[in-house]
Amino acid sequence: MLVSAAEMLKKAKAGKYAVGQFNINNLEWTKAILQTAQECNSPVILGVSEGAGKYMCGFTTVAAMVSAMVEELGITVPVALHLDHGSYEGAKKCINAGFSSIMFDGSHYPIEENIEKTKELAAACHVLGLSLEAEVGSIGGEEDGVVGMGECADPKECKMVADLGVDMLAAGIGNIHGKYPANWPGLSFETLEAISKEVGDMPLVLHGGTGIPADQIQRAISLGVAKINVNTECQLAFQEATREYIEAGKDLQGKGFDPRKLLAPGVEAIKAMVKTKMELFGSVGKA
């Protein structure tokens, strides 16, 4: 059974650890992440971008697939199915499709419009028992065609959005999607401290979790980050393991690759990476 992310993040914030959100793109990735969460006895959030949802035949298909896999695999740890960087229209589609958690990314709107749309979606989500994530200050890099420059959010604006009744808040603190460049100055802990002071008990979300040094991850958790998103690292791990398998020429005597065997090394690489992240985030054994 899918659950809202609200309760797991409240526990994470109080316990000074973070729950990992790992983005899914197909059945194999989903299975790998669910099995690893169960093995680690860790709560987990499965993130779905609008692009990934379209690739997987729509949000209703994704929700049905994940719900069925949770049941068939005997998953007992808390699992939230979460729209990642959703548009206003995408958020409404996922609410109707059976997602248990929604992110509305209104960071590219003027703050007044961000507040208006976030408030409306918060009311809808809470009637249905779903959790809602909002964003203030765009995250650097590109996510489904939306490009952010890695802004640092205004702490006062963060409080305005947090006070709308959302369950978690993503605030730009110099983090970016994708690989971090060599000249990246690091997270702005001054900004994070100011935001944390303004929003109080609100769980904060760190996007762009790939490549952030472990000490910065742990400091961010100590300052109120309770959810950390990882996507690029899954993609890189899968890509490298699958490439090595292909280059080794392990096909069926020249008849082509069995797709299940072809994807297996990538799946194992994702499992190893997810376990490493759960250990870093401190969520192992917290289900």
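This report describes selected helices, cysteines and other residues of a predicted model.

## Basis of the description

The model is predicted, so local features need pLDDT of at least 70 and side-chain atom pairs count only at pLDDT 80 or more, whereas totals for chains, interfaces and linings use all residues. Residues are numbered from 1 along each chain as its sequence is written, and side-chain values use heavy atoms, with hydrogens and water left out.

Helices (H or I, at least four residues) and strands (E, at least two) are DSSP runs, numbered from the N terminus.

## The packing of α10 and α11

Two packed helices are described by the angle between their axes and the distance between the axes. Helix α10 covers residues 232–247 and helix α11 covers residues 259–281; the two pack at an angle of about 145 degrees, and their axes are 8 Å apart. Here axes are lines fitted to C-alpha atoms, for helices over the stretch in contact, and angles run from 0 to 180 degrees between N-to-C directions. The crossing of α10 and α11 is right-handed. A crossing is right-handed if the near helix is turned clockwise from the far one by less than a right angle, and left-handed if anticlockwise.

On the α10 side, the contact is made by E233, C234, A237, F238, A241, T242, Y245 and I246. On the α11 side, K261, L262, L263, P265, G266, V267, A269, I270, M273 and K277 take part. Contact means heavy atoms within 4.5 Å. By class, the contact has 13 nonpolar, two polar and three charged residues. In this classification, Ala, Val, Leu, Ile, Met, Phe, Trp, Tyr, Cys and Pro count as nonpolar, Asp, Glu, Lys and Arg as charged, and the others, Gly among them, as polar.

T242 belongs to helix α10. T242 counts as buried because its relative accessibility is 10%; buried means under 20% relative accessible area, exposed over 50%, and partly exposed in between (1.4 Å probe, protein chains only). The side chain of T242 reaches the backbone oxygen of F238 at 2.8 Å. Apart from neighbours within four places in sequence, T242 is in contact with L262 and G266.

T36 is located in helix α2, residues 27–40. With a relative accessibility of 2%, T36 also counts as buried. Residues up to four places away in sequence aside, T36 touches K271, V274, K275 and M278.

## Cysteines without disulfides

A disulfide is a covalent bond between the sulfur atoms of two cysteines. The criterion applied here is a pair of cysteine sulfur atoms within 2.5 Å, and the structure holds zero disulfides. For C125, the nearest cysteine sulfur is that of C94, 10.0 Å away. C125 is buried, with a relative accessible area of 0%.

C158 lies in helix α7, residues 155–162, and is buried at 0% relative accessibility. Not counting residues up to four places away in sequence, C158 touches V136, A153, L169, A171, I195 and V199.

At 33% relative accessibility, K159 counts as partly exposed. K159 is in contact with E198 and V199, leaving aside neighbours within four places in sequence. The C-alpha atoms of K159 and V199 are 5.3 Å apart, although these residues are 40 apart along the chain.

## Residues in loops

Most residues other than glycine have a negative phi. N41, in the loop between α2 and β2 (44–49), has a positive phi near 50 degrees and is partly exposed at 36% relative accessibility. C57, in the loop between α3 (50–55) and α4 (59–72), has a positive phi of about 75 degrees. C57 is exposed, with a relative accessible area of 64%.

H85 is placed in the loop between β3 (79–84) and α5 (88–97) and counts as buried at 11% relative accessibility. The side chain of H85 makes polar contacts with the side chain of D105 at 2.8 Å and with the side chain of E135 at 3.5 Å. A polar contact is a pair of N or O atoms within 3.5 Å; within protein, one must be able to donate a hydrogen and the other to accept it, and residues adjacent in sequence count only if both atoms are side-chain atoms.
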